[in-house]
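Reader: I would like to know how the labels in this description were assigned. Please set each value against its cut-off and then conclude.

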Amino acid sequence: MGVPVRHDYWRSSASYRVRIGAGLKGVALETVSVDLRTDAHLSGALDALNPQRLVPVLESTKGALAQSLAILEYFDEL
């Protein structure tokens, strides 16, 4: 996995925070949209990344981060 993968929902304020942070830091991300209205966050795929079943989740070579502030700190460390 070269480019980190962001799992998010477009109306999530925490996901929006991560999108802004990635843009400001110039971090290239692949995006996987998780439609919360159709309960896509309850699927096994997201559950494997974040047992809390919340978005955003960032998959990177170092593992998965599931809190927006932790993801922003990760961007700072890049």
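Author: Two strands pair if DSSP finds at least two bridges between them. Four bridges join strand 1 to strand 2 (residues 30-33), so the two count as paired. They run parallel, and Arg 6 stands opposite Thr 31 of strand 2. The model is a predicted one.

Reader: How do you know how far the prediction can be trusted, and which elements have the lowest and the highest mean pLDDT?

Author: pLDDT is the predictor's confidence in each residue, from 0 to 100. The chain has a mean of 88, and 96% of its residues reach 70 or more. Among the elements, helix 2 (residues 44-49) has the lowest mean, 80, and helix 1 the highest, 96. Where pLDDT is low, the predicted coordinates should not be read in detail.

Reader: What span does helix 1 have, and what is expected?

Author: The expected span is 1.5 Å times one less than the number of residues. Helix 1 covers residues 13-25, which is 13 residues. From first C-alpha to last it reaches 18 Å, close to the expected 18 Å. Gly 26 follows helix 1 and has a positive phi, near 70 degrees.

Reader: What makes the buried residues of helix 1 line one face?

Author: The residues concerned are Ala 14, Ser 15, Val 18, Gly 21 and Ala 22. Down the helix axis they fall within an arc of 120 degrees, so they line one face of helix 1. An α-helix has 3.6 residues a turn, so residues three or four places apart point the same way. On the other side of helix 1, Ser 13, Gly 23 and Leu 24 are exposed. The buried residues pack against strand 1 (5-8) and helix 3 (68-77).

Reader: Which residues of helix 3 are buried, and why are they said to line one face?

Author: In helix 3 the buried residues are Ser 68, Ile 71, Tyr 74 and Phe 75. Their arc, seen down the axis of helix 3, is within 115 degrees, so they line one face. Leu 69, Asp 76 and Glu 77 are exposed on the face turned away from the buried side. The buried residues of helix 3 pack against helix 1, strand 3 (57-60) and strand 4 (63-65).

Reader: Which way do the residues of strand 1 point, and are they buried or exposed?

Author: Val 5 and His 7 point one way, Arg 6 and Asp 8 the other, and all are buried. In a regular strand the side chains alternate between the two faces of the sheet.

Reader: Why is the contact between Asp 8 and Arg 6 called a salt bridge?

Author: The cut-off is 4 Å between a side-chain nitrogen of Lys or Arg and a carboxyl oxygen of Asp or Glu. In this pair the closest N and O atoms are 2.9 Å apart, so the contact qualifies. Buried means under 20% relative accessible area. Asp 8 has 4%, so Asp 8 is buried. Arg 6 has 10%, so Arg 6 is buried too.

Reader: How many salt bridges does the structure hold, and which residue pairs with Lys 25?

Author: The structure holds four. One of them joins Asp 76 and Lys 25, at 2.9 Å from N to O. This pair links Asp 76 in helix 3 to Lys 25 in helix 1, 51 residues apart. The cut-off for exposed is over 50%. Asp 76 has 52%, so Asp 76 is exposed. Lys 25 has 48%, so Lys 25 counts as partly exposed.

Reader: What phi does Arg 53 have, and what is the peptide bond from Val 55 to Pro 56, cis or trans?

Author: Most residues other than glycine have a negative phi, and most peptide bonds are trans. Arg 53 has a positive phi, near 60 degrees, and is not a glycine. The bond from Val 55 to Pro 56 is cis, with omega near 5 degrees. Arg 53 lies in the loop between helix 2 and strand 3, and Pro 56 is found in the loop between helix 2 and strand 3. Arg 53 has a relative accessible area of 31%, so Arg 53 is partly exposed.

Definitions and conventions: Residues are numbered from 1 along each chain as its sequence is written. Side-chain values use heavy atoms; hydrogens and water are left out. Buried means under 20% relative accessible area, exposed over 50%, partly exposed in between (1.4 Å probe, protein chains only). The arc is that of the directions from the helix axis to the C-beta atoms. Contact means heavy atoms within 4.5 Å.
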